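Subject: Structure for your review

Dear colleague,

Please find the structure below, followed by an account of what was found in it. I would be grateful if you would read the two side by side.

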Amino acid sequence: MGQTHSEHPFQDLADKTGFSLEQITNLHRRFKQLSGNEETISRENLDSIPALANNPIRKQIIEAFFDKRNQRRDEVGVLQEIGFEQFLMVMSHFRPPTLRTTGEEKEAMRREKLRFLFNMHDTDSDGTITLVEYRKVVEELLSKSGAIGQEAAKAIADAAMLEVASTNVPHMQPDEFYAGITFEHFEQILKGIEMESRMNIRFLDVGPTMHCRKGTS
């Protein structure tokens, strides 16, 4: 007798991540290519992806795969290598909604994506994006584009953080210290921005190179 749907080796992963069995099979094939047919992958494996080579936040994207906070287990810390299930759990944050996705499910997906983005910037895992952390991201985004210098990028980051501070703490005194952006503030900053389908990575093939890109509107 043939194997039933419930007996599929990836069924448990499909239930956990929302990916279809076909998507998981394709991602598993790609995982094996990246790992050299090993059971785990390292940062070096992901760093070799051509499509990430010129991404200004390549380092943050790669580190996100090894951040325990992105495994949905309420753990903090970093991993040196990850197996396929851990890889898939991170990839599931980029899964776009389908036509069958309910409004409640879309809201949950949005919050997960925002938390994922927040974790990328909160590099010390203290629950706050400080000026130093925010400045580092903005500097990398702007200075690596070649459009402006590092000092100009720093000034833009500082000004942007001050604007965020005045929005989130409108009655803050001039000499009052702004600790940084909490997740609640982060949600407010991005309120009204459609995230559910925009933030995704598409694996366009499973050949020798991986094509991944941000979704466009």
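The protein chain exposes about 13,000 Å², of which carbon and sulfur atoms supply 52%; accessible areas come from the Shrake-Rupley method with a 1.4 Å probe, and for residues only the protein chains shown count as cover. This is a predicted model, in which local features need pLDDT of at least 70 and side-chain atom pairs count only at pLDDT 80 or more, while totals for chains, interfaces and linings use all residues. Residues are numbered from 1 along each chain as its sequence is written, and side-chain values use heavy atoms, with hydrogens and water left out.

Of the 217 residues of the protein chain, 39% count as buried (buried is under 20% relative accessible area, exposed over 50%, partly exposed in between, with a 1.4 Å probe and protein chains only). Among contacts with a separation of 6 or more, 51% come from residues 24 or more positions apart; contact means heavy atoms within 4.5 Å.

The secondary structure comes to nine helices and four strands, in the order α-α-β-α-α-β-α-α-β-α-α-β-α along the sequence. These elements are DSSP runs numbered from the N terminus: helices are H or I with at least four residues, strands E with at least two.

Helix α6 (residues 103-121) has 19 residues, which at 1.5 Å a residue should span 27 Å; its end C-alpha atoms are 28 Å apart, which agrees. The expected span is 1.5 Å times one less than the number of residues. Buried residues of α6 include M109, R110, K113, L114 and L117.

A search of the whole structure finds eight aromatic pairs, where rings of Phe, Tyr and Trp (its six-membered ring) pair if their centres lie within 6.5 Å, and planes under 30 degrees apart count as stacked, over 60 as edge-to-face and the rest as tilted. F94 and F116 form an edge-to-face pair, 5.1 Å centre to centre with 75° between the planes. F94 lies in the loop between α5 (84-91) and α6, and F116 in helix α6, so the pair ties together parts that are 22 residues apart in sequence. Both F94 and F116 are buried.

The rings of F118 and F186 have centres 5.5 Å apart and planes at 70°, so this pair too is edge-to-face. It links distant parts of the chain, with F118 in helix α6 and F186 in helix α9 (residues 183-189), 68 residues apart. F118 is buried at 0% relative accessibility, and F186 is buried at 9%. Elsewhere, ring pairs link F10, F31, F65, F84 and F87 into a cluster.

Two arginines lie over ring faces: R43 over F66, at 4.4 Å from the ring centre, and R115 over F183, at 3.7 Å. The criterion is NZ of Lys or CZ of Arg within 6 Å of the ring centre and within 35 degrees of the ring normal.

L131, in helix α7 (residues 131-143), is partly exposed at 31% relative accessibility. L131 touches A157, D158 and M161, not counting residues up to four places away in sequence. M161, in helix α8 (residues 150-168), is buried at 5%. The C-alpha atoms of L131 and M161 are separated by 6.6 Å, although 30 residues apart along the chain.

Yours sincerely
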